[in-house]
Amino acid sequence: GVRPGDRVALCLPKSPEAVLAMYGILAVGAAYVPIQFLGPPARLTAILDSVRPRCLLTTAAMAAQLAAAGASPLVHEVEPQEDGNGLEPLLRGVRPRARVVDVKPEDLAWLMFTSGSTGDPKGVMLSHRNMTANVVGMQDRDGMSPRDLRISHAALHYIAAFDLLFPLVSGVRIYLLPDRETKFPERVAEVMEAERSTIWSSSATALGLLLERGDLDRRDMRAMRRVSFYGEPLPMPALRRLMAALPTSELVNHYGATEVDNIANFTVPRPLPDALTRLPLGHATRHCLVTLRDEAGFEVHQGEVGEICVVSAAVTIGYWDDPALTASKRFNGQSDSYRTGDLGIIREDGLLYSIGRKDQMVKIRGHRLDLGEVEAVLRLHPKLREAAAFAVPAGAQAVEIRAIVAADDEPGIDAELRLLCRQRLPAHAQPARITMLGQFPLLASGKIDRQSLGALAAQESRETHAASDVKG
């Protein structure tokens, strides 16, 4: 009984059944709403209550968990099978449509919920026009063909699941990596080698873990022609190791957002210049008009820092049930515009460079500071896997920098990091403390869980200053 304009929720593991269901929902003019399989039932129930789907496709076990949490949509149970025939019981006796339903470009196609930076579910709405622009843009970037094999490793409820649509425009073959296997870098690398994957795309953090634990330099990866990474900056020592491990691969720094996925790209040069300490975001894609703007929405002058703003058919139509948030992300009233919240600068070479997040710009002792600069300096240490910097309260009306790094706690590494900061950062930007973790907490998307790290930095600062007050 699904009709054009309806919403259908999917809570399934990555499987052929999930992909076929996604295609089917789009074919009848409805929108699909993927939610995290095995995610927190209370959170998923809140999303379902907000979306009010026509029905929910999920497994019997997941349906029971959601029902216990209070979810009450119409449920169709689907049990993925090894032969991909898990939809057969649901479709038994149903007559195929002679043709797909006509849809308008502005019709809702995909409603995706993300925590963003706040931790609260935020529904991002993509129309058919948005999805088409994003898929065509990715095709332009990667030049996919039926000769290519792409490993699909992102969960269905993340923007990277766009890759499941690529075969429709390029004929590229897709290998569905089961959700459980994505958590083991050595298994991911094993599949990449065995299947002779030609294209790989992931967050820089996930790629770093793959480099660290996947033994890439001891595998035959000559089939891999293109590797793109996004999200957090890839530390330069890790990038050099990656270039050595994949000598025949083209490496691309990809810049995008959930709200518009393909904004700019930069192909990493070989050999890597010794003076390069931070990769540029690159040139804007032909599908995006990129400008740098001030708070009032006016373009800044050449060489000045401004917020990276985009106009594109790929810009999503807004946020579910939140017109105020949607309006706040537009500029000059343009419905196809998006303020990214990222600060950037266009250098004389015409390349776009990241200067950090608007919410990462802080004032320390009267000085304006980009926390991304602190992180970039820390990442220069060859033994660091990742770095994050935070401005946290330090007693009455004071603020200090705290850094958390992912590295093995080897003797002398703390002193080496502090020396590096003294050599490259002004006094007000040097971290008051550097905390060592073996591994950063990650979101299900593979990106760093900065919210958890920020909470840890703030807690450590409170404990430090509370102890100082007691001693005083």
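Q: Which residues of H5 are buried?
A: This is a predicted model, in which local features need pLDDT of at least 70 and side-chain atom pairs count only at pLDDT 80 or more, while totals for chains, interfaces and linings use all residues. Residues are numbered from 1 along each chain as its sequence is written, and side-chain values use heavy atoms, with hydrogens and water left out. Helices here are DSSP runs (H or I, at least four residues) numbered from the N terminus, and buried means under 20% relative accessible area (1.4 Å probe, protein chains only). In H5 that picks out His128, Asn130, Met131, Ala133, Asn134, Val135, Gly137, Met138, Gln139, Arg141 and Asp142.

Q: Why is H5 described as largely enclosed by the rest of the structure?
A: Look at how its residues divide by burial. H5 is largely enclosed because, of its 15 residues, the number buried is eleven.

Q: How far apart are the end C-alpha atoms of helix H5?
A: The expected span of a helix is 1.5 Å times one less than its number of residues. For the 15 residues of H5 (residues 128–142) that gives 21 Å, and the distance between the end C-alpha atoms agrees, at 21 Å.

Q: Which residue just after H5 takes a positive phi?
A: Follow the chain on from the end of the helix. A phi of about 55° is found there, at Gly143.

Q: At what angle do the axes of H2 and H3 cross?
A: Axes are lines fitted to C-alpha atoms, for helices over the stretch in contact, with angles from 0 to 180 degrees between N-to-C directions. The axes of H2 (residues 41–51) and H3 (residues 60–68) come within 9 Å and cross at roughly 80°.

Q: What does the angle between H7 and H8 make of their arrangement?
A: Helices H7 (residues 185–194) and H8 (residues 204–213) pack at about 85°, with axes 8 Å apart. Angles under 35 degrees count as roughly parallel, over 145 as roughly antiparallel, 65 to 115 as roughly perpendicular and the rest as oblique. H7 is therefore, relative to H8, roughly perpendicular.

Key
Helix = DSSP H or I, 4+ residues; strand = E, 2+ residues; numbered from the N terminus. Buried < 20%, exposed > 50% of the residue type's maximum accessible area, 1.4 Å probe, protein only.
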